[in-house]
Amino acid sequence: MRAMTIDPARLQPMANAIRALSMDAVQAANSGHPGMPMGMADVASVLFSRHLKFDPARPDWADRDRFVLSAGHGSMLIYSLLHLTGYAHPTMDEIRNFRQLGSPCAGHPENFLLEGVECTTGPLGQGLAMAVGIAMAERHLNAVFGDDLVNHRTWVIVGDGCLMEGINHEAIGLAGHLKLGRMIVLWDDNNITIDGTADLSTSENIKARYEATGWHVVACDGHDFAAIDRALEEAKNDPRPSLVACKTVIGKGAPNKQGTSATHGAPLGADEIAAARVELGWEPAPFEVPAEILADWRATGEAGAAEHGAWEQRLAASPHKAKFEAQMAGVADHASAAIEGHIRALAADPQKVATRKASEMALGPLTETLPQLIGGSADLTGSNNTKTKSTLPMSADDYSGRYVYYGIREFGMAAAMNGMALHGGVVPYGGTFLIFSDYCRNAIRLSALQKVGVVYVMTHDSIGLGEDGPTHQPVEHVMSLRLIPNLNTYRPCDAIETAECWALALSTPETPSVLALSRQNLPQLRGECDGEWTVEYNACAKGGYRLRSAQNTRKVVLVASGSEVALAMECADQLEAAGVGADVVSMPCTELFDAQSDAYKADILPDDALIVSIEAGSTLGWERYTGRGGLNIGIDSFGASAPADDLFAHYGFTADQIVPKIQNKLNN
C-alpha cells in the first residue's frame, strides 16, 4: 500500500539514493548531466511513491501511467528510478556502465533499450510534445472502452530548455485546446541553462503562457515533500492539463556547485562528490544503496501490483475484452486484407486521379475496417485528403473521434503522432505538404529511431504542384528523407501503387513511413494483372519492380518513381519505335528495393543496359542505381511559379527532351 501521509524521514534517503547514483554514474562515465536528477530527486520521489500508477513486474501493462522524461539529458534520473523501484533493468552493473557501449543506460533514454522508458528523449521539447500524443491516445481509448479498462495519467518532467523550444508552444496549445486534463507536466524550475542563468536568454512569464493556453498552473517548493504532494494532488483534481512549477536547485546536495551551470552537463569531480556525500549524509560506497532504503523503494514499486491485479480482473470480466485486446494488437496483420477489395475494384475500373486522391480512396476501406487508425492534418485536410467518412473529429467534447485537426502545427503533429503510436492501441497518420517535412523532420527521425509505425501523408510532392512556386515545391525532400535509417519513403505512381504502399506502411509497426503524393492527376498504369490481387501479390513490396518489359532487344532500363513513371512509359514508347528496347521499372520505395537479394536487383537493373533514372527531384543518390555510366534526369535547382505542365516542360520532363539524351548516351 502507498503511504497515507508524507514521511520526510523516509523520503529524504530515497531521494538521496537518486542523487548518489546520478553523481556516481556520471563521474564513472566522465560524461553526463548530474544536475537535473539531483535537483528533481525530491519531486521524483514523491511522484513515484505516492502518485504514479505502475508495476515494474509488468512494464507493458496497458493501463499504467506514462512517465516521460522530456529533459532527457538528465537520464540518470529515470535509470535510478527504474532500478530502485524494481524493474529488471537496468541492473546496478548497467548503471555502473552508464554511457558505455552495450549498456542500456545510454546518454539519453532510449525506449527500445529499457522497459519503463516510454519514449526516446533528448531533443528538447519533443518529450513534452510526444506526451501530448500519449494523453490523446489515452483519452480516445477511454472514450471507447471506459474507465474500467483505460484510465491513466501522463506525467512529464521538463526543464527550461523544453519550454523554450518552439515545439513546446505547438504542443501545449493543442493540449489546452483538447483539455487533456490527465496530463501533468512537472517543470524543473531551476533557472539554469548550459550557458548560465536562464535570464541570459529569456524573460518571459512561462506560467502566464501556460494559463493563456488553457492550462492549470500551480507552483511548489521542489524540495519540500509536503508542498510537492499538495501540488500534485491539486493538479490531479483539476480538469485541465496542469503545469506544476517545481522551484528547485540544480545539483542539489553538491555544496560548492549546486545552483550553477557547473552541475548541468559535466561530472562533479571527485572532491565535490566527496563533499556532497558529507552534505547529504550519504556514507555508502559508489553504486551501493543501503538495504533499508532499497526496501522502501521496492515497496513503492510493489504497490502498483495490486492496482494492476484489479485491472486484470476487470479486463477478464469485461464484455469488451476481445475487442480491447484486438485494439491493442495493432493493424499489421490486417491492413492488406482490408484493402484487397479496393485494389481489385481499381483493376476493374481504372482511375486517373492524383495520388493524394488515391490515398483518400484507399483510406476509405482502411479506416472503415481498422478502428485503430486515427488520422489528421496540419490545417490541410482538403489538400492532403486525409479525412474519411469513418473518421469523425476528435475534440474535447468527444474523444472517441478518429480525426485530429492539428492546426498549423506540423512539428507538434509529428511528435504527437509518435506519442500516440508509443502509447499503443492507435495507429496515427497525419498530413501536410511534403515541403513542410522540414518542419517535421526531427520528429520523423525520432519515429525511425523509436521504431514506431507512424504514417506521414506528404502531398504536393514536386514541381507538379504548380503555381505556388519554389517555396512550396519540394526538390531535395524525397531524397533527403531516404537518408533516414529505418524510414520507408514511398512515392507511388498511380492508384493501385498508392493502395499497395498504404498496405505496406501499415504492415511495418516498427518502421515509420512517408507517402509522397502528387497534386496532379496521374494515369493508372497498373490493373491488367491486378484483377485477382491478393495479400501475397504486392508488387511494391519489392521496392522496385519491372512494370513493363522491353519489346525489342533491351538496351535501356528506365527507372522512375511517382508521377515520372508515366513519363518513363512515354519514353519507352518512343525508344521502342526507334528499335531500342527499354524496360520500365517503377521504384516506389528505394529502401525496400535495397533490402532485396543481389540476384533480384541484378535482374531488375542489369549490367548490360543503360540505366536511366527519372524523378522530379534531386539527382543525388540515383547514381547508386544507374552507376557512373548511367543517366540521371532530375532537378538540381529550385522550381518556379507556373502551371505544372509548363514547369515540367521547362525543366526537361518530356519524352521529346529525354529520349534524345538517352540516344546520345547510347551512341557515345
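Modeller: A word on naming comes before the contacts: helices (H or I, at least four residues) and strands (E, at least two) are DSSP runs, numbered from the N terminus. This is a predicted model, in which local features need pLDDT of at least 70 and side-chain atom pairs count only at pLDDT 80 or more, while totals for chains, interfaces and linings use all residues. Residues are numbered from 1 along each chain as its sequence is written, and side-chain values use heavy atoms, with hydrogens and water left out.

Colleague: Where do E340 and R344 lie?

Modeller: Both are in helix α14 (residues 335-348), 4 residues apart, which is about one turn of the helix. The term requires a side-chain nitrogen of Lys or Arg within 4 Å of a carboxyl oxygen of Asp or Glu.

Colleague: What does E325 pair with?

Modeller: E325 forms a salt bridge with K321, and the closest N and O atoms are 2.9 Å apart. These two residues also sit about one turn of a helix apart, in this case α13. E325 is partly exposed at 39% relative accessibility, as is K321 at 30%.

Colleague: Which parts of the chain does the pair of R58 and E312 link?

Modeller: It links distant parts: R58 is in the loop between α3 and β1, E312 is in helix α12, and 254 residues separate them. Their side chains meet in a salt bridge of 3.4 Å, N to O. R58 is partly exposed, with a relative accessible area of 34%, and the value for E312, also partly exposed, is 29%.

Colleague: How many salt bridges are there in the whole structure?

Modeller: The search finds 29. There is also a network of salt bridges that links D461, R482, R491, E564 and E615.

Colleague: Turning to aromatic residues, how many pairs does the search find?

Modeller: It finds 16 aromatic pairs in the whole structure. One of them joins F54 and Y87, which are stacked at 6.3 Å centre to centre, with 0 degrees between the planes. Rings of Phe, Tyr and Trp (its six-membered ring) pair if their centres lie within 6.5 Å; planes under 30 degrees apart count as stacked, over 60 as edge-to-face and the rest as tilted.

Colleague: Where in the chain are F54 and Y87?

Modeller: F54 lies in the loop between α3 (41-50) and β1 (66-69), and Y87 in the loop between α4 (76-85) and α5 (92-96), 33 residues apart. F54 counts as buried because its relative accessibility is 2%, and Y87 is buried at 12%. Together with F48 and F67, F54 and Y87 form one aromatic cluster.

Colleague: How are W311 and F324 arranged?

Modeller: They are edge-to-face, at 6.1 Å centre to centre and 65 degrees between the planes. W311 belongs to helix α12 (residues 291-317) and F324 to helix α13 (residues 321-329), 13 residues apart. Both W311 and F324 are buried.

Colleague: Now the pockets. What is the volume of the largest pocket?

Modeller: Its volume is about 1,000 Å³. On a 1 Å grid over the protein atoms alone, a pocket is an open set of points where a 1.4 Å probe fits, with protein on both sides within 12 Å along at least five of seven lines; lining residues have an atom within 4 Å of a point. The volume is the space filled by probe spheres set on the points, which are joined across faces, edges and corners.

Colleague: Which residues lie nearest the centre of the largest pocket?

Modeller: They are M328, A421, L422, H423 and G424, out of 45 lining residues. The largest share of the lining, 5 residues, comes from α13.

Colleague: And how much space lies in the second largest pocket?

Modeller: About 340 Å³. It is lined by 15 residues, with S563, L567, E570, D645 and F648 closest to its centre. Helix α21 gives the most to this lining, with 4 residues.

Definitions and conventions: Buried means under 20% relative accessible area, exposed over 50%, partly exposed in between (1.4 Å probe, protein chains only).
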